[in-house]
Amino acid sequence: MTHNELTQQIFSKQSYLCVGLDTDPRKIPHSLQNEPDPVFAFNRQIIDATADLAVAYKPNIAFYEAQGPRGWESLQKTLDYIPANCFTIADAKRGDIGNTSGLYARTFFDPSAAGLDFDSVTVAPYMGHDSVTPFLEYAGKWVILLALTSNPGSADFQRQPINEQELFEVVIETAKTWAGPDQLMFVVGATQADELSRIRELAPDHFLLVPGVGAQGGSLADVSKRGLTPNGGLLVNASRSILYASGGTDFAEKARAEAQALQQEMASYL
Ligand SMILES: O=c1ccn([C@@H]2O[C@H](COP(=O)(O)O)[C@@H](O)[C@H]2O)c(=O)[nH]1
């Protein structure tokens, strides 16, 4: 999906919601446990309940890898089920020497390899340009680079001063020389909303993927006030607060209600 297509989806759905598919088999309602693939059965109902409210879906790969081959099968079925008008994110946080990154890129972007055809993958910047560029070689695919993450440990390295900047600022400025806003986004945690104005000065045209509203307590209002651009420019993710809004048979209905509350608030900011 291109930058323009994503922007169009945001304005037509009046939403910049990304639903995180962090599906933990231990949290799936009992009513689905006897399904042949409980994870896919759960995801399918979540997608059906939220597809008109969300512009993106983000399966976190850890939840699928932890299930071994069954998990990869659930991931592939889930990805195939996501409607074509929704942007897809493999939240895998990959990055290695170039030769190895090339294989990670193939895994998520080349359907003839592992069967997966994501629009984007999250990548860690720590190993530098040659660990990121193999992902950028796939035309039409996106890298979403970790910049300032939502967790407390983000202070350990990302906030360290370096040449009168903080490390996350150096990451953004440097990575902007590797790819433009049509292929590169940055991850900024919703819990870091205070830094968003500064980040917007550095990256006025890049999409930001913002996880951390809902279970992590980030403020959608603060993120939107500081991060929205005339083109939208944000994908705000919520995972647990939507997926597990109810543990009962009404889980899809309750997930929809959570997603709708976020979408309606987003519409008021657009
Ligand atoms: O800085 C980051 C980067 C990634 N994540 C991921 O987003 C979701 C958040 O889940 P919630 O349940 O809404 O808290 C999860 O997959 C994280 O691994 C992040 O939270 N922060």
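**Entry 1: the chain as a whole**

I began with contacts, where two residues count as touching if their C-beta atoms, placed from the backbone, lie within 7 Å. Among contacts in the protein chain between residues at least 6 apart in sequence, I noted that 70% join residues at least 24 apart. I wrote down that this is a predicted model, in which local features need pLDDT of at least 70, side-chain atom pairs count only at pLDDT 80 or more, and totals for chains, interfaces and linings use all residues. Residues are numbered from 1 along each chain as its sequence is written.

With 270 residues, a compact globule would have a value near 18 Å, and the protein chain agrees because its own value is 18 Å. Along the principal axes, the C-alpha atoms fill a box of roughly 55 × 45 × 35 Å.

For burial I used the count of other C-beta atoms, placed from the backbone, within 10 Å of a residue's own: 20 or more is buried, 12 or fewer is exposed, and anything in between is partly exposed. By that count, 46% of the 270 residues of the protein chain are buried.

**Entry 2: helices, strands and the barrel**

I counted 12 helices and 10 strands in the protein chain; these are DSSP runs, with helices (H or I) of at least four residues and strands (E) of at least two, numbered from the N terminus. The unreviewed UniProt entry places a domain called "Orotidine 5'-phosphate decarboxylase" at residues 16-255, and I kept in mind that UniProt positions follow the numbering used here, that feature names are shortened, and that annotations may be inferred rather than shown by experiment. Over residues 16-255 the chain is 37% helix and 19% strand, with its end C-alpha atoms 16 Å apart.

How do the 8 strands of the barrel follow one another? I found the order 1-2-3-4-5-8-9-10, with parallel pairing, where two strands pair if DSSP finds at least two bridges between them. Strand 5 (residues 142-148) runs parallel to strand 8 (residues 184-188) and is joined to it by 5 bridges, and within this pairing Leu148 has Val188 as its bridge partner.

**Entry 3: strand 10**

I moved to strand 10 (residues 234-238), where 5 of its 5 residues are buried. Both of its faces are covered, with Leu234, Val236 and Ala238 on one side and Leu235 and Asn237 on the other. Strand 1 (residues 17-21) runs parallel to strand 10 and is joined to it by 3 bridges, with Val19 facing Ala238 as bridge partner. Strand 9 (residues 208-211) also pairs with strand 10 in the parallel sense, over 4 bridges, and there Leu208 is partnered by Leu234.

**Entry 4: helix 1**

Which residues of helix 1 (residues 3-13) are buried? I listed Leu6, Ile10 and Lys13. They lie on the same side of helix 1 because they cover an arc of only 90 degrees around the axis, the arc being that of the directions from the helix axis to the C-beta atoms. What covers these buried residues includes strand 3 (87-94). The face turned away from the buried side carries the exposed residues Asn4, Glu5 and Ser12. Just after helix 1, I noted that Gln14 takes a positive phi of about 55 degrees.

Is Lys93 buried, exposed or partly exposed? It counts as partly exposed because it has 16 C-beta neighbours inside 10 Å. Leaving out residues up to four places away in sequence, Lys93 touches Thr122, Ala124 and Leu146. Its phi is near 50 degrees, a positive value in a residue other than glycine.

I also found a positive phi, of about 65 degrees, at Glu164, although Glu164 is not a glycine. Glu164 sits in the loop between strand 6 (161-162) and strand 7 (165-166), and it counts as exposed because 6 C-beta neighbours lie inside 10 Å.

How values were computed
The radius of gyration is taken over C-alpha atoms; the globule rule is 2.2 Å times the number of residues to the power 0.38.
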